[in-house]
Structure formats: C-alpha cells, structure tokens
Amino acid sequence: MSAPTYFIRTFGCQMNEHDSERAAGVLETMGYRPAADMDAADLVLFNTCAVRENADNKLYGQLSQVKPLKQADPEKTVVVGGCLAQKDQDAVAEKAPWVDVVYGTHNMGRLPELLSQADSTHLPVVEILEHTEMFPSALPARREVEHHAWVSISIGCNNTCTFCIVPMLRGPEKSRKLGEIVSEVRELVADGVREVSLLGQNVNSYGRDLVFADPGDGPRNRTMFAELLYALGEVDGLERVRFTSPHPKDFTSDVFAAMRDIDNVCEQLHLPLQSGSDRILKRMQRSYRAQRFLDLVAEARETIPGVAISTDIIVGFPGETEEDFESTLAVVEQAAFDAAFTFEYSPRQGTAAAEMDGHLPADVVNARYQRLAGLTRDLSEQANERQVGTVQELLLEGPSKKDPTKLSGRTRTNRLVHVPGPDGGGLAGLAAGQLVPARLDSARANYLLGEVVDAACDAPVGGPRPMTTALR
C-alpha cells in the first residue's frame with residue numbers, strides 16, 4: 001500500500017509557520033508524505049491564527065471548501081489546530097462538524113494520539129490544554145527551505161497589550177535553555193542551514209524567567225538575549241542570524257552592540273511602533289512613548305551601521321482621533337522606516353480593546369490606512385533607492401514567484417532583490433542557498449532589481465537619524 005499523504009495550510013505569523021513545520025515532521029514520523037493539494041491529501045491540517053478578525057473568515061471559508069471532499073471521501077481526515085482552535089475550542093466542531101480533530105497551541109506533540117482516537121470514534125476529537133507540555137522545537141520538523149530554519153527561543157508572552165489575544169492563547173512566557181537552542185542551531189547547520197530566524201512573542205525578554213529561577217552568582221554583564229546572540233556568533237557555518245519580534249520596552253544597548261559586533265547577526269531590526277500617539281499607546285498598554293521609540297531608532301542607527309528598521313502599525317484603534325493619527329504620521333516620517341506592516345484595527349473577542357468605547361467607522365479607519373500606507377510605501381522606496389549602485393550580499397531563495405527567469409534573494413538587511421537567473425541571461429550555476437554579491441541597479445517600494453557580479457560587497461546604506469525636535 002502507498003503511504004498516506006498530508007496537506008497543511010498555515011494562517012498567520014512566523015510562529016505558526018514554525019509550528020506547521022513541526023506538525024509536518026510529526027506526521028512524517030507517522031509515515032505520512034506531503035501531497036500537492038487538499039484534494040489529493042488523505043489528511044488536511046489547518047494551522048490557524050486568531051490575531052485578526054478575518055482569520056475566522058479565512059478558516060471557515062477553507063473548511064467549507066474541504067466539506068465536499070470529506071463527503072466524497074469519508075476516510076479523509078480533517079484537522080484544525082493552533083490559535084483559533086485554542087480560542088474557539090468546541091465552536092470549531094460545532095460550526096464544521098466534518099472536522100475530525102481539534103487541538104490547541106499547547107499539545108501539538110499529542111497529534112498521533114489524537115489521530116488514533118479519531119480512528120476509533122465517530123465524534124470529533126477535541127483537546128485544548130491550558131499549559132504547554134513541551135516546546136515545539138522538541139518535535140521533529142520538515143522544513144520547506146533547506147538553507148533557512150525557524151528556531152523558537154521562547155513561547156508565550158507576559159505583556160498585556162489591550163489589542164492582543166496571544167497571551168490568552170499561548171500562555172505566559174517560557175524560555176528554552178540557551179544550550180538547547182545552540183545545540184539545535186548546530187544540528188541545523190550540519191543539515192545545510194545557513195540562516196536562522198529566532199522566534200518568540202517577545203524575543204528580547206528571552207531568559208528572564210530562567211534568571212529568576214536560577215540567578216547565578218552576582219549581577220550579569222549582559223542580558224540573556226545578548227548572551228544568546230554572542231553564543232550563536234560562535235557557531236561555525238552559520239552565516240546569518242535574524243530575530244522577531246522584539247518589544248521596544250525591552251530593548252537594551254547590549255543587544256544593539258551585539259548586532260554591531262557579531263558578524264553573522266544581520267543588520268535588520270523589527271521594532272513595532274503600533275501608534276505614534278502617546279494617548280493611544282497608553283490605551284494599548286504599550287509601556288513606552290513616542291519619544292522613547294524615536295530614541296531607540298536613533299540609537300540603533302548610530303550603533304549599527306546600515307541597519308534597516310521595519311515596524312508594525314495599527315490604524316483606527318478605539319478612541320483614535322485625527323490628531324492621534326497625525327501623531328502617528330509624524331513619528332513614521334521621523335523614523336523613516338525601511339519597511340512597515342500596517343493593519344486596520346479589528347476587535348478580537350477576549351481582548352480589553354474589544355470592550356473599549358470609541359470604535360471607529362470602517363470608512364474612517366480605511367481612509368487613514370490608505371494615507372499611512374502611501375507614506376510608508378514612499379519611505380520604503382526611498383530607503384531602497386539609497387541602496388542603488390552598491391554591491392550587496394544576497395542569499396538566494398529560488399525562482400521569483402512572478403518571473404521564473406529571475407532568482408530572488410535577500411540582502412543582510414532583508415531587502416528583496418531579483419536578479420537574472422540562468423534562464424534569463426544570468427550566470428550559470430546559481431541556486432537557492434548560495435551567497436552571492438549583487439549590484440543593485442534599480443529600486444521599487446517592495447523590491448530591488450540587480451545583477452550577480454564578481455565584486456566585493458559594500459556596506460548597506462542606512463536611513464537618517466530621527467530629528468531631535470520635540471514631537472507634537
């Protein structure tokens with residue numbers, strides 16, 4: 001008999017992508033093999049997100065598509081896991097009774113047992129635990145990309161941002177031991193990985209729970225997150241280290257210094273702003289204010305030559321006035337972000353913000369979103385244009401999604417660059433996973449065009465230091 005097959009559809013963030021790799025690894029240890037699509041798969045797994053309202057719509061839309069497949073083949077197994085499953089619990093099975101297994105964020109390792117239960121019962125198997133039994137990284141993984149790996153350094157979050165449901169779904173912050181992380185990275189490098197991305201809901205508070213449990217002898221000279229970066233800097237063969245997502249309130253100068261001094265830590269910083277209005281930041285329970293944020297941007301650019309800074313911004317938070325929004329535009333312009341991920345606020349049941357007064361009409365939120373998106377797009381294009389004419393190191397990722405004659409790659413500052421591949425007049429022998437120098441010839445808001453050359457790489461060109469004039 002041929003091996004059973006699986007198909008995983010992932011919604012949401014990088015943490016979910018990491019979880020999906022682990023789920024795939026668990027399934028493959030059970031004898032499953034990947035299928036091309038839902039139609040061909042014996043098992044379909046939806047790894048869900050609950051951060052935004054349309055996550056619900058996406059999941060139930062996908063489940064409606066798999067319903068006729070399940071009716072045509074009752075032996076097909078349908079699984080729903082992750083954050084939305086943790087939030088809705090029994091509601092998933094009520095809304096989609098053709099689902100066989102529902103599991104939450106804390107019990108992915110029990111997938112084999114849950115599937116075996118589904119084989120012996122006609123009822124949906126639902127298991128939602130409130131606490132994590134093991135780190136996802138302790139499970140086997142099937143990576144989609146050979147040269148890159150996600151590495152979880154912590155799970156959960158201790159913050160109380162009023163718009164965020166993650167602490168409710170993933171629990172309090174829990175850090176992995178530093179040695180375990182370094183050992184995993186060494187094994188990944190031995191398996192061909194050249195770049196790792198460290199994952200946590202708040203990576204730069206990494207290790208505080210470990211220090212609290214075992215403070216050691218006397219005060220520490222560096223935070224544990226900085227210690228982790230220095231330890232990974234000593235892993236032979238590891239070319240690039242990235243991390244996401246940090247919290248501005250937890251950034252310390254020793255991390256900026258580590259980013260400057262450690263060769264394999266990339267000159268890329270994701271620093272979520274969320275709002276430029278101090279009043280709205282207070283309502284969000286973000287424990288920093290706009291000037292402190294700009295001071296961090298200034299320190300990063302002064303400490304790390306050529307650093308690229310990206311951010312997250314929420315538009316239309318409850319109670320946001322036009323003046324508040326103008327303050328956000330002012331901070332964005334002063335910070336001159338290299339890239340920004342902008343979102344229209346959507347209420348999530350269970351968060352404090354959902355119960356606040358001052359929810360805005362959708363047309364007002366969308367109009368502000370369009371204004372902010374226009375500004376951030378212009379700033380991104382200007383940041384990319386500053387790179388034109390330089391030679392930057394690319395880590396090739398594979399063929400461009402829109403033009404297969406081109407290869408796509410990322411600079412150390414995480415800029416997307418398209419270069420001619422062998423089928424488009426480029427150099428022969430280029431392939432995913434290679435590090436190559438590329439001359440950057442032209443810029444767009446979201447990418448650059450260039451050409452692989454035989455030349456030494458230049459330093460990346462950073463953005464301007466924020467102005468020191470007082471904010472409005």
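**Pockets, cavities and charged pairs**

Author: The second largest pocket holds about 350 Å³ of space. Its lining has 15 residues, and Pro74, Glu75, Thr77, Ala118 and Asp119 are the closest to its centre. Please keep in mind that this is a predicted model.

Reader: Which helix gives the most to the lining of the second largest pocket?
Author: Helix α5, residues 111–119, does, with four residues.

Reader: And how do the residues of that lining divide into nonpolar, polar and charged?
Author: Seven are charged, six are nonpolar and two are polar.

Reader: Now to cavities. How many of 30 Å³ or more does a search of the whole structure find?
Author: The search finds two. The second largest cavity has a volume of about 50 Å³, and among the residues lining this cavity are Asp19, Asn47, Tyr103, Met108 and Arg170. The lining of the second largest cavity divides into five polar, two nonpolar and two charged residues.

Reader: Let us change topic. How many salt bridges are there in the whole structure?
Author: A search finds 31. In one of them, arginine 176 pairs with glutamate 184, with the closest N and O atoms 2.6 Å apart.

Reader: Are arginine 176 and glutamate 184 buried or exposed?
Author: Both residues are buried.

Reader: Which salt bridge does glutamate 239 make?
Author: Its side chain meets that of arginine 194, at 3.4 Å from N to O. This pair links distant parts of the chain, 45 residues apart: glutamate 239 is in the loop between α9 and β11, and arginine 194 is in the loop between α7 and β10. Glutamate 239 counts as partly exposed because its relative accessibility is 31%; for arginine 194, also partly exposed, the value is 26%.

Reader: What about glutamate 322 and arginine 371?
Author: Their side chains form a salt bridge at 3.0 Å, N to O. Glutamate 322 belongs to helix α13 and arginine 371 to helix α14, 49 residues apart.

Reader: Where does arginine 286 lie?
Author: Arginine 286 is in the loop between α11 and α12. This arginine is buried yet has no salt bridge, as the nearest side chain of opposite charge, aspartate 312, is 7.2 Å away. The side chain of arginine 286 does make a polar contact with the side chain of histidine 247, at 3.3 Å.

Reader: Finally, how many residues of helix α9 are buried?
Author: Seven of the nine residues are buried, and the helix is mostly covered. Among the buried ones are Met224, Phe225 and Leu228.

Note on methods
Residues are numbered from 1 along each chain as its sequence is written. This is a predicted model: local features need pLDDT of at least 70, side-chain atom pairs count only at pLDDT 80 or more; totals for chains, interfaces and linings use all residues. Side-chain values use heavy atoms; hydrogens and water are left out. On a 1 Å grid over the protein atoms alone, a cavity is a set of points where a 1.4 Å probe fits but cannot get out, and a pocket is an open set with protein on both sides within 12 Å along at least five of seven lines; lining residues have an atom within 4 Å of a point. Grid points are joined across faces, edges and corners, and a volume is the space filled by probe spheres set on the points. Helices (H or I, at least four residues) and strands (E, at least two) are DSSP runs, numbered from the N terminus. Ala, Val, Leu, Ile, Met, Phe, Trp, Tyr, Cys and Pro count as nonpolar, Asp, Glu, Lys and Arg as charged, and the others, Gly among them, as polar. Buried means under 20% relative accessible area, exposed over 50%, partly exposed in between (1.4 Å probe, protein chains only). Lys and Arg count as positive and Asp and Glu as negative; His and the chain ends are not counted. A salt bridge is a side-chain nitrogen of Lys or Arg within 4 Å of a carboxyl oxygen of Asp or Glu. A polar contact is a pair of N or O atoms within 3.5 Å; within protein, one must be able to donate a hydrogen and the other to accept it, and residues adjacent in sequence count only if both atoms are side-chain atoms.
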